[in-house]
Structures are given as structure tokens and as C-alpha cells.
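Visitor: Please take me through a single part of this structure at close range, after a brief word on the whole.

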Amino acid sequence: MDRKLFAVLFSFLLGMIVSTALGDDYLHQIQEQGITTGRSDVAHWGPDPDKYSSWTSHSNRLIPVYTFGTKGQPAGIDLNSYAGENSPYRNANKLRRIYGKPTEATLNPSADYLDQTNIFDLQKAALDAGKKNIFLVVFDGMDWQTTQAAAIWNTQQIPYTEGRGRGTHFQEYQADGTTQFGLMVTSPFCDDADIDVNKQIVKNSGGGLFGGYDVNIAGSGPWEKPKDILYLIGKSSETDGVKHSYTDSASSATSMMGGIKTYNAAIGVGPQGERPKSLAHLAQEKGYLAGAVTSVPISHATPAASYAYNVTRNDYQDISRDLLGLPSSSNPEHPLRGLDVLIGSGWGVNATNDSSQGDNYLSGNKYFADEDLKKVNIENGGKYVVATRTPGVSGQKVLAEAADKAAKSGERLLGYFGVGGSGDGAGHLPFRSGEGDFHPAIGVAKKAIAYDEADLTENPTLVDMTKAAIEVLSKNDKGFWLLVESGDVDWANHSNNLDASIGAVNSGDAAVKTITDWVEANSNWEESVLIVTADHGHYMFLDKPELLIRPENR
């Protein structure tokens, strides 16, 4: 039998087996078939269209930005302050200030897009104007294609092929006519730096590629196919072709919350070791409260960069110390004040040694040293009402009771949850599938993620975490700043898992609705500002998006 014909028949039969085993879970079938056969008519990840998976890292795609409470506001708050004719990518001097150096093939006289550092600028303008409630929601790794896939699945039609689109709450919600949409460049200062984790110094930055965005290759919208398919992943099909680096979550979060371009893996510090004040620090200086919520470990890149300073994102325990106001390797003599609310995951993930965290690593929990957890608890003289995963007790209840106590007493709140162990889902909240349940299909590792009943009942959801944070922070009459990260989108996309990716988008979308519902009930869009965006993209292509629609709905 011809080898190609055999491969087609094998793929068909395997798909039939998967379909029979999974019943009506159509999206699960698509994902399983793509991974097990190595190809799919629906989508592919990476530069090779004949392989379902040929790239598992980030890309330099333009990223969607959705804002609420901004349209018609003064300069600096209105998104148009940074887009269209005000785009920094139209001005060589502005680009030089953003990147700290001249940039190759990046100036674009007709650019409509903004830069990632402008997310910081917008928030700071809102803070300076006295906006009472400032929210930043980061869907880690959610580019335009990821959002479109979720929207198609949710609506069971192809509702758009470019632009803002519809199919999720954050796309459709109008915020009393104050919402806006734009695109931003996320490229970093550079790929890499030579650092010393123990001394907390940047010895040299500028390793690898420098950042930039060539519109002539990549396109003016993320829905456009790049002229060179390798460009957006830091490569080129030509020997002397233009190359620009793509960001990681640490550099991107530092840009959005600290206002500077930096090297990949930097937490709150610049390429020369600069330590700008983040939005959270600036907010606290003005009498606001500041908090961070995440579905992944509390000291991972995005929540870390909201407040901590560290030359490497991998120094998890020291980052947790900064976040909670304890002495750390970067702030040994004068600890930071600490966030007023921090809720996330990392519970139950232990490691005896971790050389990437330096000489002061303490055996035990990888993300948050066990003795530090004890120190911050108000029961031991600390400043935080602590809620942790508790055997046999509802995580939602544990967190809600702690939030109620902190809100009434004026204390700070720490929530520490997650799935323990060392598997693919360890350290995070349980991952949902596109169907909304908790058994997503396999990813590139070809390992199923399984949760027991305790994992599901003893952990709160991202919605629960968001509600708890707002309950505590909103007791402050001056106002508050809150970061909410839907971090499982990134983990799903790294795993080239379409099923888990769509489930993660919808989990984060529910948290966005929690915020907008609260604003409508307790505030308004004159005194509140919300930004919904992502920190970077991946490299998934929807080849036949119509195949995401169930056969019976076509």
C-alpha cells in the first residue's frame, strides 16, 4: 500500500477511535487527532504547515488591546493617545527612547499600533488623573488567533476574520460606549543578558537578538500572513534577512507594569539594572491599595513583574519575598512594602535543590519558601490573613472566609492554592477544556492531565480569586490597582493544546466579566479603567477555521 495512502487511512481510523471513545467532545477529538497523527486540517503550530506541532514557544505577533473606560477621556487615558497618528512607531525619536537604541526596519510612518510600554503609560495617566479603580487583565500568551479560535468555538460560526471581533465577553462588552480596541508591539529590548542571581546584578545585556517590528514582513495586523513565515519567531529564510527578538512573559510584564523595554527573563529591572517604579508601587505611594491575582504560581513572571525586582524570573522564592514585603536577595536591608492582596498558585510543588534560585534557596516549596509562608501570617505576627489549600475543605469557602476577615479588619490577604506534585498541571489551578470540564486533551508531551476530586474542590477558580481580591481592595476609599492573570492560556499554547487553550480563554473571560459586573454594581466607567490584553503571542494558525464548528452546526 502507498505510504501516503496508509497515513491517511491510519489518521482516519485513529480519528474514528478517538471519536467513539470521547462521544460528543468534538474539540477534544480535534486536539487528540492532531497530536497522535502529527497533522490536522484544522490548525497547526509553527512554521511547517504539514506538521501539527513544529513550534512551542512565543512569537512577535501584534497583540490585541481592549480598553474600557477610556474612550473620550483626556490625552494619556484615551487609547488613541498611543495609536494612529500618535503611534510611537511613526517617530524615530520616540522609538529610540522606547528601545534605548536605534532599531532596524521598525520605523513605520503609517503605523496604527502602539507599544507595550504604552500600557504602562495609560495606567499611569489614569492613576495621575485620580481614576479610582484601575484593572489590568493579562491573558498570558493569548494572541489574536487564540482569541479567534475561542470565539469560533463559543459562537459555532466564524464571526469575524479581522479586527476586534465577537464571541467572548471582553470582545462584546461596551462599557457604556467607552471601550476601544487596538494592537501593540511586544518585542523586548533583547533576548538575553549575563546576570548574577546571588549579587543581583546585570553584568551585560544585549545577548542574542535585539527587538523591533518590521511591518513590511510581519504585516500591519495579526490576521495577515507574514511574508517570511520565520520572521515572527526570530528567524529568517534569508541569510541576511531582518530578525527581531520575541518577548518572554517577564520582559513583557515589566514593560506593561514598569514602562521599560528590557531583556527576556528580567523582573522589574532594565537592561542596565534600572529599577523603575511599577504601577503597583506608584499606586501605593498615592494611597491606593495594590493587588495581583493569578491562576499560575504567585511568583511566576507576570505577577512577579507587577511588584518585585530580580535579575531573573527563575528566582521564585526571592520574588515571593518581594511580593510580600520580606527581605530578599534584591532588597536585603530595606524590604519592599509588599502587595496588599496576592492570590495565586504554587501550593504543593516542592524541590530539594534549585540552582537557578541562588545560594539562599530553601528546600521545600519551590515558589514560596515554607518558613516565609509562616512569617507573613498574622497568626505569627505577619501582615497577611492567609488562606491556603486545605484538605477536605472547599477552596472557594476557605478563600471567601479569609477575604471577609481581611476586608473587615483592614488586613492584607494572601491566598495560596494549586495542584501539587510534579506533573504537567502542577502548581496551577486545574485547567479547563473547551467544553468547560477538567479533562483537556493531550498536548505535545502526550501526557493526559488528570485531576482528582480534591484538586477540583479544594481550589478556588480565577473568578473566586478575582472576587476575593476586589472585596478586600475596594474597602479602601482612595482606590485600588489590580492585576488579574489568566496564566493557563500560555501553558496550553506552549503545549500546542487547542482544547486547553480555548478552555483557558473562557476561564479568563469569566474573570473579566466578574470585574465588569462589579464596576456596574459598585462604580462606573467614569472612575474605573480596565485594560484587557496579552503579554505576547504564540504561533498557531487556523488553516480551516470552519472545522472548529461541530459538523451538526455547519
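Guide: Accessible areas here come from the Shrake-Rupley method with a 1.4 Å probe, and for residues only the protein chains shown count as cover. By that method the chain exposes about 20,900 Å², of which carbon and sulfur atoms supply 49%. This is a predicted model, in which local features need pLDDT of at least 70 and side-chain atom pairs count only at pLDDT 80 or more, while totals for chains, interfaces and linings use all residues. Residues are numbered from 1 along each chain as its sequence is written, and side-chain values use heavy atoms, leaving out hydrogens and water.

The chain holds 17 helices and 16 strands, taken as DSSP runs numbered from the N terminus (helices H or I, at least four residues; strands E, at least two). Of its 554 residues, 61% are buried, meaning under 20% relative accessible area, with exposed over 50% and partly exposed in between (1.4 Å probe, protein chains only).

Strand 9 (residues 341-345) runs parallel to strand 13 and is joined to it by five bridges, with glycine 344 standing opposite tyrosine 416. Strand 12 (residues 384-388) is likewise parallel to strand 13 and joined to it by five bridges, and there valine 386 stands opposite leucine 414.

Note on methods: Two strands pair if DSSP finds at least two bridges between them.
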